[in-house]
Amino acid sequence: MTPTQPPPFPPPDPPHGTGAASGHGHSHSHGPAAPVSQHLRKVIAAILIPFAAAVLIGLAVLWPGGAPAHERTGVGFDRQTQQATVTKVVEVSCQSVNASGGVPTGDTSTAEGSSAQQQADGTCKKATIRVDTGDDKGRTFDEIVQPDQSRQLSEGQGVVVAYEPSAPEDLQYSVTDVNRRFPLALLAGIFALAVVAVGRLRGVMALVALTISFLVLNFFILPAILQGSNPLVVAVVGASAIMLVGLYLCHGPSARTSVAVLGTLISLLLIGILGSVFIGWAALTGNTDDNTGLIHGLYPEIDMSGLLLAGVIIGSLGVLDDVTVTQTSAVWELHEANPSTGRRGLYRAGIRIGRDHIASVVNTLVLAYAGAALPLLLLFSIAQSGVGTVTNSELVAEEIVRTLIGSIGLVASVPVTTALAALVVSADRPTARTPGQGREQGGTQQHPQVPDARSAPGRGGRGRRRKR
């Protein structure tokens with residue numbers, strides 16, 4: 001080669017250039033041109049920027065100053081608790097420690113009679129518990145464990161004790177639960193390691209997004225509801241903030257992520273509308289167990305049916321994110337594989353993928369709710385109640401409405417997100433570009449007959465993927 005001869009390949013593109021190589025059949029893999037037109041990017045921004053601004057305004061207006069103070073009732077979760085340790089456990093005769101001390105004469109075929117007989121004839125345990133936190137740190141008290149109690153204490157076991165200052169001194173403390181902090185923390189650590197090991201940077205971002213979700217829940221949603229704000233409005237604002245942060249943090253600020261955000265937003269609006277209609281139509285109060293009853297007693301101004309609807313929206317958000325991101329990614333990858341496919345072809349192919357996704361996700365959601373309500377369903381089975389009686393009870397009807405509304409939102413999210421993704425990704429067709437387009441701005445024009453240097457054997461035939 002003489003000094004006057006041109007080099008065998010043109011100079012490579014700059015790392016962030018806008019040119020598109022068109023001299024070979026793999027321009028969709030190497031060209032950095034974005035598959036979304038500038039006009040559509042402006043349209044997406046025109047929709048999402050006001051939405052994000054509305055979410056920020058909602059957070060600012062509804063932001064609480066913390067949970068309102070109240071006098072503890074000593075009932076349920078509303079008790080003063082401390083950490084404690086079981087220091088000693090000895091076996092004693094139940095007859096000697098029980099208050100009645102007499103032999104029961106009731107019918108032992110009933111649960112109450114059988115329990116009384118065991119307490120009279122069985123061997124109980126006398127546990128000595130040491131308080132480890134609070135003003136009474138180091139104080140000890142005794143707890144009698146009956147033989148038929150589901151929770152048995154052992155020496156060295158960590159427990160949670162409730163404190164009632166108005167009770168007699170020897171009855172002020174009582175064991176309410178075991179201390180599960182270490183196994184739960186260990187399990188959370190294993191989960192975090194697994195996510196980071198498999199997901200790497202994406203896994204780290206997912207953990208950060210999960211942390212932010214819990215912060216929004218604990219410092220905004222729950223205190224705002226307790227301070228009397230409308231639970232539905234709080235849930236919509238909080239869920240929207242979680243959605244925006246989570247999706248863009250995990251998947252990056254791209255047109256593909258924006259389509260998933262739009263699909264999730266539309267599905268959440270549908271869930272909110274259906275929830276408002278059917279929760280009111282079915283006359284669901286949201287006050288169905290001891291916990292909701294305690295909340296209503298402490299804060300009667302809270303709209304319990306609105307709280308139920310807020311739970312439906314927040315509970316559906318996580319699964320909706322999964323469906324919309326998956327469908328958007330499927331359409332984008334189908335376009336990467338065959339850029340000549342039109343929006344209809346992309347939609348049909350994406351819907352075929354979505355049908356399988358619908359079947360698995362709906363089944364998962366129904367089984368998740370059924371698993372949570374399994375003890376209740378077991379009680380109805382023991383009572384041999386008819387299907388109509390079971391479904392008409394508010395406890396079961398609440399779960400049915402929650403499940404079906406969430407499932408309808410999930411099913412609707414598939415065609416909505418797929419249609420949006422097919423419309424956006426096919427708006428700017430790579431085949432419509434002319435050779436050397438985008439290179440003219442730099443003053444040089446690419447030769448279409450000459451191969452791109454990035455596909456040379458020295459680079460392994462691998463090029464940069466186009467920005468999505």
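The dialogue below goes through the features of one predicted protein model.

User: Before we look at any feature, what should I know about the model and its numbering?

Analyst: This is a predicted model, in which local features need pLDDT of at least 70 and side-chain atom pairs count only at pLDDT 80 or more, while totals for chains, interfaces and linings use all residues. Residues are numbered from 1 along each chain as its sequence is written, and side-chain values use heavy atoms, with hydrogens and water left out.

User: How many helices and strands does the protein chain have?

Analyst: Helices (H or I, at least four residues) and strands (E, at least two) are DSSP runs, numbered from the N terminus. In the protein chain there are 13 helices and five strands.

User: How do I read burial, and what share of the residues is buried?

Analyst: A residue is called buried under 20% relative accessible area, exposed over 50% and partly exposed in between, with a 1.4 Å probe and protein chains only. Of the 468 residues in the protein chain, 35% are buried. The accessible areas themselves come from the Shrake-Rupley method with a 1.4 Å probe, and for residues only the protein chains shown count as cover. The protein chain exposes about 26,100 Å², of which carbon and sulfur atoms supply 62%.

User: Which residues is threonine 417 in contact with, leaving aside its neighbours within four places in sequence?

Analyst: Contact means heavy atoms within 4.5 Å. Threonine 417, found in helix H13, counts as buried because its relative accessibility is 0%. Leaving aside neighbours within four places in sequence, threonine 417 is in contact with Val259, Gly263, Thr324, Gln327 and Thr328. For the protein chain as a whole, residues 24 or more positions apart account for 74% of the contacts with a separation of 6 or more.

User: How many salt bridges does the structure hold, and where do glutamate 333 and arginine 256 lie?

Analyst: A salt bridge is a side-chain nitrogen of Lys or Arg within 4 Å of a carboxyl oxygen of Asp or Glu. The structure holds eight of them. In one, the side chains of glutamate 333 and arginine 256 meet at 3.8 Å, N to O. This pair links distant parts of the chain, with glutamate 333 in helix H9 (residues 304-337) and arginine 256 in helix H7 (residues 255-281), 77 residues apart. Glutamate 333 is partly exposed, with a relative accessible area of 35%, whereas arginine 256 is buried, at 17%.

User: Which residues form the positive surface patch, and which make the nonpolar one?

Analyst: Patches are made of residues with over 30% relative accessible area and no salt bridge, where like charges are joined within 9 Å and nonpolar side chains (Val, Leu, Ile, Met, Phe, Trp, Tyr) within 5 Å. Lys and Arg count as positive and Asp and Glu as negative, while His and the chain ends are not counted; the place of a charge is taken as NZ of Lys, CZ of Arg, CG of Asp or CD of Glu. Arg344, Arg348, Arg352 and Arg355 form the positive patch. Arginine 355 is found in helix H10 (residues 343-372) and counts as exposed, at 53% relative accessibility. The nonpolar patch, of about 300 Å², is made by Val196, Leu201, Val204 and Val208. Valine 208 has its place in helix H5 (residues 181-226) and counts as partly exposed, at 35% relative accessibility.
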